[in-house]
Amino acid sequence: MVFLSLLLLLVCALAVFGFLGYGGQTFARGLRRQSLPEVLRGGSAIAAAVAAGAYGWGLVGVTGALVEARDGGTGSAPVRACRTPGQQADGQVTGYRVDWLPLRFVCETSDGGSFGSGDVPAYVTPLVLGFGPAAAGGAVCSAWVVEVRVRQRRQRNPW
């Protein structure tokens, strides 16, 4: 699971730089040309970069918790990420898992319950769930604007 989170972290880092490069260039070109589809495409790429960056930042926390959980040795039970200061639930922690969406490190207890460890900042999921669909919506709107303009040209000049 550590390798999967590291791979996803690499993909997020590449996506951030790719989307920022494409989005910034396309957005600026669209503003210069006053082209709505280009502005929408650039804006959606920048929103996708924010979503990928936020998810990558959450993956840093999850990867750290996974590395600590794999560490083992003295004082490793319960997993350090699942220790809660001043609570008796520490002896009841039996395992852990990773939820990928919403991204969080979850500690499982012996009574069948579970709780989040808090290794992923609370703002990660709202950012991903806000900017991700916004990026997809901007891309769809850009394609729709281009389609409408093509249809209008065909109606004016059918040949």
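UniProt positions are given in the numbering used here, feature names are shortened, and annotations may be inferred rather than shown by experiment. The model is predicted, so local features need pLDDT of at least 70 and side-chain atom pairs count only at pLDDT 80 or more, while totals for chains, interfaces and linings use all residues. Residues are numbered from 1 along each chain as its sequence is written, and side-chain values use heavy atoms, with hydrogens and water left out.

**Exercise 1. Find the span that UniProt calls "transmembrane region" and describe its secondary structure.**

Let's start with the record: the unreviewed UniProt entry places this feature at residues 123-146. Next, look at the fold of the span, which is 96% helix and 0% strand. Helices (H or I, at least four residues) and strands (E, at least two) are DSSP runs, numbered from the N terminus. Finally, the end C-alpha atoms of residues 123-146 lie 35 Å apart.

**Exercise 2. Work out how the rings of Tyr 96 and Phe 105 are arranged, and how accessible each residue is.**

First, the rule: rings of Phe, Tyr and Trp (its six-membered ring) pair if their centres lie within 6.5 Å; planes under 30 degrees apart count as stacked, over 60 as edge-to-face and the rest as tilted. By this rule there is one aromatic pair. Tyr 96 and Phe 105 form it, with 5.2 Å from centre to centre and 20° between the planes, and the pair is stacked.

For accessibility, buried means under 20% relative accessible area, exposed over 50%, and partly exposed in between (1.4 Å probe, protein chains only). Tyr 96, at 26%, is partly exposed, whereas Phe 105, at 1%, is buried.

**Exercise 3. Trace what Thr 63 touches.**

Begin with its place, which is helix H2. Thr 63 is buried because its relative accessibility is 8%. Contact means heavy atoms within 4.5 Å; leaving out residues up to four places away in sequence, Thr 63 touches Ser 5 and Leu 6. The side chains of Thr 63 and Ser 5 are joined by a polar contact of 3.1 Å (a pair of N or O atoms within 3.5 Å; within protein, one must be able to donate a hydrogen and the other to accept it, and residues adjacent in sequence count only if both atoms are side-chain atoms).

**Exercise 4. Locate the backbone features at Gln 34 and Pro 102.**

Gln 34 lies in the loop between H1 and H2, and its phi is near 55°, a positive value in a residue other than glycine. Pro 102 sits in the loop between E1 and E2, and the peptide bond from Leu 101 to Pro 102 is cis, with omega near 0°.
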